[in-house]
Amino acid sequence: MRLGDLAAALDLPVASDPSVEVTGVTHQADWARPGDAFVAIRGARVDGHSFIGQAVERGAVAVLGEGLPEGIDCPVPYVVVPAARAALADAAAELAGHPSRGLQILGVTGTDGKTTTSCLARHLLREAGRSTGLLSTVGYELPDGVLRQPPTHFTTPEAPQVQQILAGEVAAGAETVVVEASSHALALDRVRAVDFDVAAWTNLTGEHLDFHGSMEGYFADKAKLVQRAPFAVLNADDPWTEQLLPMAASHTTYSAEGADADWRATDVVEGPDDLRFTLHSPEGSRTAVLPMIGRFNVANALAALAGVHALGVDVPTLVDGLATFGGVPGRMEMVEHGEGEPRVIVDFAHTAPSLEKALATVRVTTQGRLWVVLGSAGGPRDPSKRAPLGETATECADVVIFTEEDHRDTPLQAILDEMERGAREAGRDNFVSIGDRREAIEYAVSAAGPADTVLLAGKGPEETLERDTETIPWDEMSEARRALQVRREALAADPAGSP
Ligand SMILES: CC(=O)N[C@H]1[C@@H](OP(=O)(O)OP(=O)(O)OC[C@H]2O[C@@H](n3ccc(=O)[nH]c3=O)[C@H](O)[C@@H]2O)O[C@H](CO)[C@@H](O)[C@@H]1O[C@H](C)C(=O)N[C@@H](C)C(=O)N[C@H](CCC(=O)O)C(=O)O
Ligand SMILES: Nc1ncnc2c1ncn2[C@@H]1O[C@H](COP(=O)(O)OP(=O)(O)OP(=O)(O)O)[C@@H](O)[C@H]1O
């Protein structure tokens with residue numbers, strides 16, 4: 001496409017040479033390919049303008065930015081834009097042919113439950129016979145169901161990748177795509193040029209405040225998804241919904257907690273490996289079974305059901321689809337265990353509110369003691385989460401093991417101290433700190449009794465552990481199986497030493 005045409009489509013002036021042929025767009029200079037326009041973004045850390053030379057050397061034929069800083073040379077046409085990230089998103093959509101316009105798009109946002117809700121919605125759509133894609137933390141899927149990874153591991157990648165993935169969905173014959181939209185993506189305009197048909201909201205609790213500044217700022221960023229879609233699925237149990245209602249063009253509501261809503265779950269029974277409830281919907285009431293544990297998954301299911309219903313799938317088909325869902329790796333995932341062994345569950349809860357819910361729901365089906373192994377991330381991650389995690393863990397579990405969880409360059413002991421402080425200030429002493437995560441898991445699994453449950457929280461499906469400056473391959477499910485094996489061997493060697 002000619003630079004002049006691209007600028008016209010974005011309603012921008014072109015300073016010089018409108019005839020330059022632009023074939024792609026990027027924000028990252030070292031990813032530039034011949035024919036790309038490079039969008040120079042003034043970021044939180046560096047100014048993208050300082051990488052113009054590198055981008056041009058790699059073949060960039062034009063630069064878009066908010067104004068060329070003095071002293072920086074731009075040997076290719078420079079187009080001044082009012083907002084660089086918005087221009088990146090708009091240009092990416094234009095060059096990709098606006099793929100979202102030919103797709104039904106269900107966007108999912110919220111603090112907790114986005115991935116579960118997205119994966120469930122994708123499953124319900126496929127069970128209803130819709131050719132469906134997915135873009136989520138777990139990766140992206142074309143309608144063939146094969147999970148693929150974008151070049152960078154983001155929940156929602158930058159706009160050029162989002163648009164390329166959506167163009168790939170169109171080419172692969174997708175009718176519908178479920179897009180998990182992180183708050184960073186909404187704040188940084190990564191999904192600005194995506195035409196959402198339905199926005200589903202899970203909940204909002206304190207997270208990423210280091211980036212968003214305040215709860216109000218975090219809410220305002222997340223709310224953009226609701227403002228952008230013609231129809232919203234809102235959680236009547238979430239206190240922020242009251243503020244969302246006037247922002248939604250039209251909406252439906254759901255409640256898993258007995259509030260007045262269009263979609264409701266009552267008579268919830270938490271079984272050892274499934275959830276059963278009566279589903280009340282605009283099409284009447286039916287019994288529903290979801291083969292997952294975790295009471296909060298009832299709310300996630302309602303969000304997915306209402307979102308997919310808004311895309312035209314009827315309730316009987318939805319309820320049938322619910323019963324065949326295979327779960328999401330690393331979220332309330334149960335480790336196979338033998339007779340006389342504790343139940344071990346791997347879960348991704350990494351905020352105090354989600355940990356509280358995870359422990360409360362596991363408690364319901366635990367006969368003996370409840371153990372939790374957890375840490376809190378360091379490096380750029382929000383340090384204010386640590387003490388509340390310590391307090392919540394020691395309040396909701398019987399025995400708590402504090403350990404490492406991606407402490408990066410932050411001294412591990414400083415994080416453990418903060419978590420312990422949260423526990424102590426709440427007057428509790430039911431904890432111990434074991435820095436090495438493998439040892440911590442081994443200790444809990446070995447010491448737990450047959451009627452106990454051990455929740456391994458925080459790492460969920462993550463494939464690496466960031467320890468100091470090292471990145472170590474990690475698989476929490478394998479660690480759990482390993483710990484059960486160590487327990488078996490110890491008991492075989494000393495049957496009298498049973499926990
Ligand atoms: C906090 C955050 O999201 N930051 C994003 C933001 O970074 P920034 O503003 O600091 O940008 P910067 O590093 O100053 O760079 C400025 C510009 O120069 C460019 N640059 C920079 C360096 C270079 O060598 N070459 C180059 O071209 C950059 O691409 C950028 O366009 O813009 C960059 C690209 O423009 C993103 O890569 C970066 O994501 C960082 C790496 C990140 O870790 N983001 C995470 C937190 C994130 O987005 N997470 C959410 C999920 C969170 C959750 O729910 O858990 C996600 O959707 O994955
Ligand atoms: N509706 C919910 N309310 C509270 N906690 C939840 C809810 N759904 C899931 N969780 C907890 O949050 C963890 C992460 O779930 P999930 O991956 O679906 O959320 P997410 O929003 O995608 O998280 P992230 O943004 O961190 O990737 C789960 O392992 C569970 O402990």
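Two residues are taken to be in contact here if their C-beta atoms, placed from the backbone, lie within 7 Å. In this predicted model, that criterion, leaving aside neighbours within four places in sequence, puts Val 138 in contact with Thr 115, Cys 119 and Leu 147. Val 138 itself is found in the loop between β6 (132-136) and β7 (139-141). Because a residue counts as buried only if 20 or more other C-beta atoms lie within 10 Å of its own, Val 138, with 19 such atoms, is classed as partly exposed. His 153 stands 15 residues from Val 138 in sequence, and the C-alpha atoms of the two are 8.9 Å apart in space.

Thr 115, one of the contacts of Val 138, leads on to the surroundings of ligand 2, where Thr 115 is listed among the closest residues together with Gly 113, Lys 114, Thr 116 and Ala 349. The shell around ligand 2 holds 21 residues, and the elements that give two or more residues to it are α4 (114-127), α10 (296-310) and α12 (352-364). Sorted by class, the residues of this shell comprise six nonpolar, ten polar and five charged.

To place this shell within the chain, one can turn to the domain assignment, which gives domain 1 (3-96), domain 2 (99-322) and domain 3 (333-492). Ligand 2 lies between domain 2 and domain 3, because both of these domains give residues to its shell. The centres of domain 2 and domain 3, taken over C-alpha atoms, are separated by 28 Å, and the contact takes 13 residues from domain 2 and eleven residues from domain 3. On the side of domain 2 that touches domain 3, there are four nonpolar, four polar and five charged residues.

Towards the start of the chain, an unreviewed UniProt entry lists residues 22-93 as "domain: Mur ligase N-terminal catalytic". In the model, this span is 22% helix and 21% strand, and its end C-alpha atoms lie 13 Å apart.

Definitions and conventions: Residues numbered from 1 in each chain as written. Chains lettered and ligands numbered in written order. Predicted model: local features only at pLDDT ≥ 70, side-chain atom pairs only at ≥ 80, totals over all residues. Near = placed C-beta within 6 Å. Helix = DSSP H or I, 4+ residues; strand = E, 2+ residues; numbered from the N terminus. Nonpolar A, V, L, I, M, F, W, Y, C, P; charged D, E, K, R; others polar. Domains from an automatic or database assignment. UniProt positions renumbered as here; feature names shortened; annotations may be inferred. Buried ≥ 20, exposed ≤ 12 C-beta atoms within 10 Å, placed from the backbone.
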